[in-house]
Amino acid sequence: MRGKIEALLGAQWGDEGKGRVVDTIASRVDVVARFQGGANAGHTVIAEGEKHVFHLLPSGILFSGKTCIIGNGVVVDPDQLLEELGELQKKHKDRARLIISGAAHVVMPYHKFLDGMEERFRGIGRRIGTTKRGIGPCYVDKISRCGIRVEDLLNEDVLREKLSYNLELKNAILSKVYNEEPLAFGKVFEQAKEWGARLAPFVGDCSLEIEKALQQGKTVLLEGAQGALLDIDHGTYPYVTSSNATIGGGLTGLGIGPSSISNVIGVAKAYCTRVGAGPFPTEAGEETANLLRERGGEYGATTGRPRRCGWLDLVALRYAVRVNGITMLALTKLDVLSGLDKIHVCTSYISDEGKTENFSGSSTFLEKVKPIYEELPGWPEDIGDCRTFESLPKEARMYIEFIEEKVGIPITLIGVGPEREQAIRRGI
Ligand code: IMP
């Protein structure tokens, strides 16, 4: 029988805890594939008491015997990737097999530089608050058809030709627009050739690999990075990342069709966070935000920036379910809410134009709305040892059931702590 594809996607502004959910369910899948974004992501996995943060490697990499894929839709920072591989080599004897698409674009040194320059140029008030990992400028080159792909690193002549054109253009921008020193061709070229030599053993055809796995009856998990509300098309533009973090990105970012997708798992935190600028209707006041941040350890895994924190937004969550066709939810970090007297949940928005239950990615719309909250009772108990739904305090169960009812899909995984086994599984 033909295998199937499951997708696991962020349903908020990223940092939902996708890495740990992948880690929880990776044992029952054969292939884990990343399809968009780059080293802007920071997927934290705590396994056997040890913390691993992956920026580029799929979270399934800790499982030997699996295949991990970095798809054509990802932008690859070779230094970062090689560092992550080196770290794993130091810590583990074995790991999953890795395949990198030759068609994935390479984040070059000038992309990172331009990312920083562009943010500076935008100035206070216009800044997006990017991770400065070169993501936007790299995708710009991809769309402008001048980008350098992983396969180009393996061919000296092609690399020389593409890099000289790119450096001519980028150096003109660096010196004439930003008044900065140009980059020397020789240095970048030598570095890129070395990347090519080191990455060559991993380069392959991801679309074909996935097709072969499906023909062998295997299960493929698509691992999204960032989240629906940071999607370049459906997110809160312009305060978004430069890729499609929603389901469509999974198809184009790996070269697969939709007919094998059997399940779309949305990952949401039991509350909301956002890093960087942009509208955030349920952002909490200082006291609650500080409390959630400290309890939830809400500091960026990539940049260390404190995350903005607020209450769960069901208007936004329903939207993420709609644009992705999410069939089930994984709700992470429920334990962070333990000990709160009252929990607020946003069920609709109000503005001068009236009340609405429909989200829109338009930042001008979102800046005008105010959240309407329902107040649910909290629970004082520590829930870190709960492994069944029934063992949760009554109020925690009510919270879960309230979300399920308002969003209209089941919550099949509940995170109750950072460790791999601290999860309640309900048919996932
Ligand atoms: P970029 O992806 O570095 O260009 O950043 C664009 C926006 O997306 C900024 O607001 C970042 O903070 C946000 N962002 C990018 N990656 C992540 C992530 O993995 N988690 C949360 N926010 C992210």
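**From values to words**

Mentor: Let us start with helix 1 (residues 18-25): eight of its eight residues are buried, so this helix is largely enclosed by the rest of the structure. Keep in mind that the model is predicted.

Trainee: Which residues of helix 1 are buried?

Mentor: They are Lys18, Gly19, Arg20, Val21, Val22, Asp23, Thr24 and Ile25.

Trainee: Why is Ser164 called partly exposed?

Mentor: Set its value against the cut-offs: buried is under 20%, exposed is over 50%, and partly exposed lies in between. Ser164 has 28% relative accessibility, so it counts as partly exposed. You will find Ser164 in helix 5 (residues 156-176).

Trainee: What makes the protein chain as compact as a globular protein of its length?

Mentor: First, its make-up: the chain has 12 helices and 20 strands. Its radius of gyration is 22 Å, close to the 22 Å that the globule rule gives for 428 residues, so the chain is as compact as a globular protein of that length. The C-alpha trace spans about 65 × 50 × 40 Å along the principal axes.

Trainee: How much of the chain is buried?

Mentor: Buried residues make up 57% of the 428 residues. As for the surface, the accessible area is about 17700 Å², and 49% of it belongs to carbon and sulfur atoms.

Trainee: What share of the contacts joins residues 24 or more positions apart?

Mentor: Of the contacts with a separation of 6 or more, 75% are between residues 24 or more positions apart.

Trainee: Why are strand 9 and strand 20 said to stand at the edges?

Mentor: Look at the strand order of the open sheet: 9-7-5-2-10-1-11-15-19-20, ten strands with mixed pairing. Strand 9 (203-204) and strand 20 each have a single partner strand, so one side of each is left without a neighbour in the sheet.

Trainee: How do you know that strand 15 and strand 19 pair?

Mentor: Pairing calls for at least two bridges. Strand 15 (residues 328-332) and strand 19 are joined by three bridges and run parallel, so they meet the definition of a pair. Among the bridge partners are Leu329 with Ile411 and Leu331 with Ile414.

Trainee: Why do side chains of a strand point two ways?

Mentor: In a regular strand the side chains alternate between the two faces of the sheet. In strand 15, Met328, Ala330 and Thr332 point one way, while Leu329 and Leu331 point the other way, and all are buried.

Trainee: What makes strand 19 mostly covered?

Mentor: Five of the five residues in strand 19 (residues 411-415) are buried. Strand 15 is described as mostly covered too, with five of its five residues buried.

Conventions
Residues are numbered from 1 along each chain as its sequence is written. This is a predicted model: local features need pLDDT of at least 70, side-chain atom pairs count only at pLDDT 80 or more; totals for chains, interfaces and linings use all residues. Side-chain values use heavy atoms; hydrogens and water are left out. Helices (H or I, at least four residues) and strands (E, at least two) are DSSP runs, numbered from the N terminus. The radius of gyration is taken over C-alpha atoms; the globule rule is 2.2 Å times the number of residues to the power 0.38. Buried means under 20% relative accessible area, exposed over 50%, partly exposed in between (1.4 Å probe, protein chains only). Contact means heavy atoms within 4.5 Å. Accessible areas come from the Shrake-Rupley method with a 1.4 Å probe; for residues, only the protein chains shown count as cover.
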